[in-house]
Amino acid sequence: MQCLKALKAAKRFLSYQTHKTGRSVILEISAICNAQCAYCQTGFNNRNGSGCKENPFISVELFTRIVQYLKAQRFLTAGTLLNLYSWGEPLLHPEFATLVHVATQEHCLLGLSTNANYLPKLPNNFDASHIAVVYISMPGFSQASYDKIHRFDFEHIKANIQRLVQDFRSHGFFGIFDIRFHVYRFNQAEIAPAQAFAQSLGIAFHPYYAYINDGARVARYFQGTLDAAYRQQAADDLFMDYYDPYFKPSTTCPMLNRTYLDVQGRCALCCMNGTTVGSIFDHTLSSLTKARDQHPACQACRQSGLASVMNTCINYDFTLNDTSTKGLRYFYQCLKTCFLSHQ
Ligand code: SF4
Ligand code: SF4
């Protein structure tokens, strides 16, 4: 059974490579997150008690209708990825396994990102073979770093990451686990131990400079109008100057290749600007691209230089050119957890 799943997953990934469109869909299934990251729009709201007020989870019925519509309108093809997160924690969805099942029935290739604090209960027949990538975001590799950013118990997170890797692989996950290590000024000495941890699990590891992942605030950062306390905190913690050279006007925005949907099925301009341009059911691929491209907020964003910065910050693809997923250790760990420990 596992061998059959492995074979089908390999064919699916190959088909993705062959038919790759350069487009993807971001469908938020949970509008909430349990972390309190100071530089994230969701985490910042959590710190200030002003989080999501409406129903935070997409219903299974709406999710099913949206996925079928996305396929019918060719937003989703064999060469596009359906990501089940934007700035919410997808594993919090009480019917997470059902949503994955629905997407699997519809032959979608899935992407996830998690902070690994909460793991859903998976039924015995859970099939993870359509999940191509799971990003695990880490704000450091010590309790002190977790106290500063996510505000989680670090040992609990490490144990959960080990369990997540084991559980998903034993349920037929043959994709890429990738630790996205957010580099802050205070955690540079933690990169090496975090990388060793990733290697011990046979999973990919990518450090990158943390940034202000909140469109309105990042705009104020570049305009010099951030409130003084927040600006000082950002200067103490972040390497925002790394992104300074990218602040230059552009005529296009690669984010237009990603379709952003919230838990109600509304289309947002992007993950950095939640302005909505109608329901997905009112759009075709070309009408939505046009509505976003011509939106005054998008035009201003490109002209100001913000679009270039934001695209530099959010630049990832699950087909990583990454040697850590090709070494012997990776194959050994993958074989061990996919096959040898499978019950
Ligand atoms: S950065 Fe990720 S983990 Fe942190 S609050 Fe935002 S969505 Fe949650
Ligand atoms: S132009 Fe700006 S607001 Fe529009 S999609 Fe790109 S980054 Fe988002």
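This is a predicted model: local features need pLDDT of at least 70, side-chain atom pairs count only at pLDDT 80 or more; totals for chains, interfaces and linings use all residues.
Local features need pLDDT of at least 70 and side-chain atom pairs count only at pLDDT 80 or more, while totals for chains, interfaces and linings use all residues; side-chain values use heavy atoms, with hydrogens and water left out. Residues are numbered from 1 along each chain as its sequence is written, chains are lettered from A and ligands numbered from 1 in the order in which they are written.

The residues around ligand 1 are C33, A35, C37, C40, G43, W87, N115, H150 and N213, where a residue is counted if one of its heavy atoms lies within 4 Å of the molecule. This shell holds five nonpolar, four polar and no charged residues. In this classification Ala, Val, Leu, Ile, Met, Phe, Trp, Tyr, Cys and Pro are nonpolar, Asp, Glu, Lys and Arg are charged, and the others, Gly among them, are polar. The space that ligand 1 takes is the largest pocket. A pocket is found on a 1 Å grid over the protein atoms alone, as an open set of points where a 1.4 Å probe fits, with protein on both sides within 12 Å along at least five of seven lines. A molecule sits in a pocket if more than half of its atoms lie within 2 Å of its grid points.

The second ligand has its own set of residues. C253, M255, L269, C270, N273, C298, C301, R302, A307 and M310 surround ligand 2. Two or more residues of this shell come from each of strand 8 (266–270), helix 11 and helix 12 (306–313). Helices (H or I, at least four residues) and strands (E, at least two) are DSSP runs, numbered from the N terminus. Helix 11 gives the most to the shell around ligand 2, with three residues. By class, the shell around ligand 2 has eight nonpolar residues, one polar and one charged.

Helix 11 covers residues 296–304, and P296 belongs to it. P296 is exposed, because its relative accessible area is 58%; buried means under 20%, exposed over 50%, and partly exposed in between (1.4 Å probe, protein chains only). The C-alpha atom of P296 is separated by 42 Å from that of L164, 132 residues apart along the chain.

The next topic is the nonpolar interior. In soluble globular proteins, nonpolar side chains tend to be buried together. Here the largest nonpolar core has 100 residues, and those with the most contacts inside it are F63, I131, I136, I161, F168 and I212. Helix 3 (residues 60–72) supplies the largest share of this core, seven residues. Such a core is a set of buried Ala, Val, Leu, Ile, Met, Phe, Trp, Tyr and Cys residues joined through side-chain atoms within 4.5 Å. A second, separate core of 15 residues includes A9, L109, V133 and C338.

Two residues illustrate contacts, meaning heavy atoms within 4.5 Å. Not counting residues up to four places away in sequence, F168 touches F96, L112, L122, F126, A128, I131, V134, F173 and F177. K5 lies in helix 1 (residues 2–19) and is buried, because its relative accessible area is 15%. Leaving aside neighbours within four places in sequence, K5 is in contact with F126, D127, S129, H171, G172 and F174.

G22 is in the loop between helix 1 and strand 1 (24–27) and counts as exposed, at 51% relative accessibility. A216, in helix 8 (residues 215–223), is partly exposed, with a relative accessible area of 45%. Its C-alpha atom is separated by 10.0 Å from that of G274, 58 residues apart along the chain.

Two loop residues stand out by backbone angle. R74 is not a glycine, yet has a positive phi of about 60 degrees; R74 lies in the loop between helix 3 and strand 2 (81–83) and is exposed, at 54%. H107, also not a glycine, has a positive phi of about 60 degrees. H107 is in the loop between helix 4 (96–105) and strand 3 (110–114) and is exposed, with a relative accessible area of 64%.

Notes. On a 1 Å grid over the protein atoms alone, a cavity is a set of points where a 1.4 Å probe fits but cannot get out, and a pocket is an open set with protein on both sides within 12 Å along at least five of seven lines; lining residues have an atom within 4 Å of a point.
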